[in-house]
Amino acid sequence: MTINLDNLYDEYGRYIYHLCLKLTRNKEEAEDIMQDVWVKVVRYEDKLEGIDHIKGWLTTICMNTFRDRYRKNVRHSAHVMNQPPTLDVPLLDLVPSKTLTPGEIVEKNDIQSLVQQKISELDAIYRNTIEYFYVYQYSLNEIADLMKVSIGTVKSRLFRARNYLKEMLLEDNVTNEYVTA
């Protein structure tokens, strides 16, 4: 049995269009998605013979096409959304960069040195616990073995150390703006 694309379109065209319309709730977008669906059907015309449930196959193509378009639009709009129509900045300047600007590098270094200074002001027990956990990245079990205490003690010391550190950072006028910002 050979499947004719014209007959296929006549039989399922309205169904696919209404499915696209239901998904998009927009006539123009529904027509675009429907066109994409039929382009895919034509592309895979040679595989039509082995398909038992044509309507289900077409529905799957339609749903996947809609999802792909939606994901693409979400990724695109994350960088362009809420921009004025007369934007004089090139589009690539709106895409966030993974490299830090010189100002961000200086700020990061300042924050690092301020936090290191505050950590050094902690009691030795709390300072060691923080260093083992965050700097050396030891597990709680490893810290418990090193300090010869239970895991519960390590957890409570880590909790208290974080709270003390936060209080110290908030009390200091210089570090307060970094903590609350």
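Contact means heavy atoms within 4.5 Å. The exercises below use a predicted model, in which local features need pLDDT of at least 70, side-chain atom pairs count only at pLDDT 80 or more, and totals for chains, interfaces and linings use all residues. Residues are numbered from 1 along each chain as its sequence is written, and side-chain values use heavy atoms, with hydrogens and water left out.

**Exercise 1. The chain as a whole**

Task: State which secondary structure elements the chain has, what share of its residues count as buried, and what share of the contacts between residues at least 6 apart in sequence join residues at least 24 apart.

Solution: 
- Step 1. Helices (H or I, at least four residues) and strands (E, at least two) are DSSP runs, numbered from the N terminus. The count gives eight helices and zero strands, in the order α-α-α-α-α-α-α-α along the sequence.
- Step 2. Buried means under 20% relative accessible area, exposed over 50%, and partly exposed in between (1.4 Å probe, protein chains only). In this chain of 181 residues, 23% count as buried.
- Step 3. Take the contacts in the chain between residues at least 6 apart in sequence: 56% of them join residues at least 24 apart.

**Exercise 2. Confidence**

Task: Find the mean pLDDT of the chain and the elements with the lowest and highest mean values.

Solution: 
- Step 1. pLDDT is the predictor's confidence in each residue, from 0 to 100. The chain has a mean of 83, and 82% of its residues reach 70 or more.
- Step 2. Among the elements, the lowest mean, 68, belongs to helix 8 (residues 173–180), and the highest, 94, to helix 6.

**Exercise 3. The buried side of helix 5**

Task: Which residues of helix 5 are buried, and what do they pack against?

Solution: 
- Step 1. Helix 5 covers residues 124–135, and its buried residues are Y126, T129 and I130.
- Step 2. These residues lie on the same side of helix 5, because they cover an arc of only 95° around the axis. The arc is that of the directions from the helix axis to the C-beta atoms.
- Step 3. Their packing partners are helix 4 (102–120), helix 6 (140–147) and helix 7 (151–171).
- Step 4. Take T129 as a case: its relative accessibility is 0%. Beyond its neighbours within four places in sequence, T129 contacts I143, M147, V154, R157 and L158.
- Step 5. Just after helix 5, Q137 takes a positive phi of about 55°.

**Exercise 4. Aromatic rings**

Task: Count the aromatic pairs and classify the pair of Y9 and W38.

Solution: 
- Step 1. Rings of Phe, Tyr and Trp (its six-membered ring) pair if their centres lie within 6.5 Å; planes under 30 degrees apart count as stacked, over 60 as edge-to-face and the rest as tilted. The whole structure holds seven aromatic pairs.
- Step 2. For Y9 and W38 the ring centres are 5.1 Å apart and the planes stand at 65°, so the pair is edge-to-face.
- Step 3. Y9 is in helix 1 (residues 5–24) and W38 in helix 2 (residues 27–43), so the pair ties together parts 29 residues apart in sequence.
- Step 4. Y9 is partly exposed, at 40% relative accessible area, whereas W38 counts as buried at 10%.
- Step 5. Elsewhere, ring pairs link Y132, Y136 and Y138 into a cluster.

**Exercise 5. Two lysines**

Task: Describe the surroundings of K55 and K118.

Solution: 
- Step 1. A charge sits over a ring if NZ of Lys or CZ of Arg is within 6 Å of the ring centre and within 35 degrees of the ring normal. K55 lies over the face of Y15, 4.6 Å from the ring centre.
- Step 2. K118 is in helix 4 and is buried, with a relative accessible area of 8%.
- Step 3. Leaving aside neighbours within four places in sequence, K118 contacts L165, M168, L169, D172 and T175.
- Step 4. K118 and Y164 are 46 residues apart along the chain, and their C-alpha atoms are separated by 9.5 Å.
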